[in-house]
Amino acid sequence: MLQLNWFLPSSIYMQAIEWLLEVKAIPFTERALGIQLLIASKEGGPTADYHIAMARLKLQKRELADAEEELNEALQLDYQVRKSCNKACERVSHDASFWDS
C-alpha cells in the first residue's frame with residue numbers, strides 16, 4: 001500500500017492497524033484506530049494515513065459512502081501538507097539566493 005507520509009515514522013498503532021486490516025480483524029482495527037485518534041488529537045489531528053486506514057476499514061464493512069468521505073479527508077490533508085512544504089521550500093530558496101548575492 002502507498003504510504004502518503006513515507007518520510008515520517010509511523011506509530012506502533014498505525015503499524016498494527018495495517019496488519020489488522022490485512023487479516024480483516026474489524027473489531028480490533030476499530031479499537032486500534034480509536035487509540036491512534038486519541039494520540040493524533042494530542043499531535044495536531046489525524047494524518048492522511050489514519051484516514052486511509054479508516055477508509056479501508058469502511059470498505060471492509062461495506063460502508064462505501066463513509067469510505068469515500070475518509071478518502072476525501074486524506075486527500076485534503078495531503079494537499080495541505082504539500083502546499084506547506086512548497087511554501088517552506090520557496091522560503092529556503094529565497095534565503096539561499098540572498099546569501100549568493
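Me: What does contact mean here, and what do the buried residues of H1 pack against?
Reply: Contact means heavy atoms within 4.5 Å. The buried residues of H1 pack against H2 and H3. This is a predicted model, in which local features need pLDDT of at least 70 and side-chain atom pairs count only at pLDDT 80 or more, while totals for chains, interfaces and linings use all residues. Residues are numbered from 1 along each chain as its sequence is written, and side-chain values use heavy atoms, with hydrogens and water left out.

Me: What makes a run of residues a helix, and how many helices has the protein?
Reply: Helices are DSSP runs of H or I with at least four residues, strands are runs of E with at least two, and both are numbered from the N terminus. The protein has 4 helices and 0 strands, in the pattern α-α-α-α along the sequence.

Me: Why is Tyr-13 called partly exposed?
Reply: Buried means under 20% relative accessible area, exposed means over 50%, and partly exposed lies in between (1.4 Å probe, protein chains only). Tyr-13 has a relative accessible area of 31%, and is therefore partly exposed. Tyr-13 lies in helix H1, residues 12-22.

Me: Which residues of H1 are buried, and why are they said to line one face?
Reply: Met-14, Ile-17, Glu-18, Leu-20 and Leu-21 are the buried residues of H1. Seen down the axis of H1, they fall within an arc of 170 degrees, so they line one face of the helix. The arc is taken from the directions from the helix axis to the C-beta atoms. The face turned away from the buried side carries the exposed residues Ile-12, Trp-19 and Glu-22.

Me: What makes a set of residues a nonpolar core, and which residues form the largest one?
Reply: A nonpolar core is a set of buried Ala, Val, Leu, Ile, Met, Phe, Trp, Tyr and Cys residues joined through side-chain atoms within 4.5 Å. The largest has 11 residues: Met-14, Ile-17, Leu-20, Leu-21, Ala-25, Ala-32, Leu-33, Tyr-50, Ala-53, Met-54 and Leu-57. H1, helix H2 (26-42) and helix H3 (48-60) each supply at least two residues of this core.

Me: Which residues are in contact with Met-54, leaving aside its neighbours within four places in sequence?
Reply: With those neighbours set aside, Met-54 is in contact with Leu-33 and Glu-70.

Me: What share of the protein is buried?
Reply: Buried residues make up 26% of the 101 residues in the protein.
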